Structure formats: structure tokens, C-alpha cells
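User: I'd like to learn how to read helix packing and strand pairing in a model. Can you walk me through it?

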Amino acid sequence: MATGELNPNHYPARRAAQVVQHYLNTRYGSPYRLFHVERVYSGNAEDVGDSGRKYQLEISVQETASNATEKCSADIFFPRGEQHSPEVQASCVELLKNDTKVQEEALYQQYKMNQTLLTAHHLPDSHGNMEPDMKPFWHLGIVASSFVMLGESTENTLYNMAQVANVTQLPTENDQLKFDYHILLHDMVSQEIIHWKLLFTWSPAEGVHMLKMDQLPHCHDCDKPPNTN
């Protein structure tokens with residue numbers, strides 16, 4: 001792996017930046033707020049003894065609710081060995097000032113009080129389309145899948161969420177909306193589509209709380225999801 005100054009347009013820097021995106025979405029994402037790394041300005045990498053490798057990046061991050069963009073610093077440490085998730089520190093103070101609590105509370109109350117529990121499929125469909133009222137649940141799927149993508153990321157991976165294959169709302173527990181999601185992740189390196197089942201709760205106060213994550217067997221006959229390149 002490259003050491004020292006990195007080309008910001010090459011894969012090592014881009015893959016590390018994608019890990020920062022997953023981290024920000026797990027920490028601060030919601031049905032109305034997502035974070036997307038727009039650009040890598042600079043980066044460097046160094047070995048940390050035998051324990052792993054550390055990346056330091058200067059990146060621009062966009063917050064989708066306000067379309068605001070901020071230049072942020074981030075440190076990413078990839079530990080060596082199996083079953084170790086990357087460790088991330090990122091400072092994007094200005095992007096966190098956008099308040100989406102009003103929209104989140106309205107969504108929460110609507111689906112907490114609904115007599116019929118939500119079910120939806122193929123967000124978005126194979127043409128990239130979805131109903132506007134389903135977009136918050138697509139965003140929620142990205143936030144939840146970011147827990148998987150962050151945990152599975154290494155220096156050699158690059159993940160995006162391709163599609164919510166289906167989402168089922170379960171009965172509310174302890175004032176938390178509860179969901180069962182089947183998501184499709186796009187492994188950009190191997191071009192494989194990976195299926196996961198996620199069980200989690202969400203509320204404006206608590207955010208996403210992951211209860212269970214299960215990778216599903218490879219599906220040879222599934223519909224092809226939208227292109228995420």
C-alpha cells in the first residue's frame with residue numbers, strides 16, 4: 001500500500017474518504033440528513049508499527065438537507081487483523097448546525113400513530129425512481145447500511161448502498177420506530193451486489209440503534225439494482 005503523500009484522485013485516498021462518509025452517516029445521519037464526500041483535496045498514509053495504517057485526509061463533505069459543503073479534516077486508522085473496524089475521527093462542525101428536528105419529529109409522529117404499518121419495495125426502482133414520501137426511508141436505509149459498510153470496510157474496499165429491496169415497519173417498542181430492512185450493497189471493487197438484512201430502531205431523540213445485521217446468501221436470480229457508479 002502507498003505510504004506518504006497520496007494522490008487524492010487515486011483509490012487509496014478515495015477508499016479512506018468513503019469510510020469517513022459511512023462514519024458521519026452512522027453518527028449524524030437521519031431520514032432528512034445524509035453526508036457525502038464530494039472531493040479529496042489531499043492525503044497521506046503511514047504505517048503505525050505492526051498495529052495498522054493511519055490516513056490523514058483533507059476532504060469536502062456535503063450535507064444533503066441544506067446542500068451545504070464544508071472542508072473537513074479526518075483521520076482514519078485501519079487496524080491489522082481480522083474483525084476490526086476502522087477508527088475514524090472527523091471534524092465537520094458547520095455541517096452539523098443544520099437542524100432537521102422538525103421534519104424528523106413529524107415523520108416520527110406520523111408513523112408512530114399509523115394504524116397500518118409501512119411496507120415498501122425497491123427504493124429506488126430499476127429506473128432510479130421512487131415516490132417522494134418514500135425518500136426518508138431510502139435515506140434511513142443509507143444511514144442503517146452505513147453501520148454495515150463502516151464495519152466491513154478495509155483499505156481494499158469501496159462500498160455504496162444500491163437499493164432498499166424491501167422495508168417493513170414492525171410494532172413500535174419503547175417509543176422507538178422499529179424496522180426490518182433488506183438492503184443491497186454495491187462492492188465497487190468486485191462489482192458484486194451483497195444482500196443484508198438489518199433490524200433496527202429509530203427515533204429523532206435516539207437516532208438509529210442497530211439490533212441485528214445478517215449477511216444473506218448470494219442471490220443469482222434477484223433483480224438488478226440501479227447503477228451506483
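User: What is the angle at which helix α1 and helix α3 pack?

Analyst: In general, two packed helices are described by the angle between their axes and the distance between the axes. Here α1 (residues 11-28) and α3 (residues 135-152) pack at about 130°, and their axes are 8 Å apart. Axes are lines fitted to C-alpha atoms, for helices over the stretch in contact, with angles from 0 to 180 degrees between N-to-C directions. Helices are DSSP runs (H or I, at least four residues), as are strands (E, at least two), numbered from the N terminus. This is a predicted model, where local features need pLDDT of at least 70, side-chain atom pairs count only at pLDDT 80 or more, and totals for chains, interfaces and linings use all residues. Residues are numbered from 1 along each chain as its sequence is written, and side-chain values use heavy atoms, leaving out hydrogens and water.

User: Which residues make the contact?

Analyst: From α1 you get V19, H22, Y23, N25 and T26, and from α3 I142, V143, S146, F147, M149 and L150. Contact means heavy atoms within 4.5 Å.

User: Now strands. How many bridges pair β3 with β4?

Analyst: There are 12, in the antiparallel sense, between β3 (residues 52-63) and β4 (residues 68-79). Two strands pair if DSSP finds at least two bridges between them. For example, Q62 is bridged to T69 in β4. The two strands form a hairpin with 4 residues between them, and N67 in the turn has a positive phi of about 60°.

User: What does β5 do?

Analyst: Strand β5 (residues 87-91) pairs with β4, antiparallel, over 5 bridges. S73 has S91 of β5 as its bridge partner.
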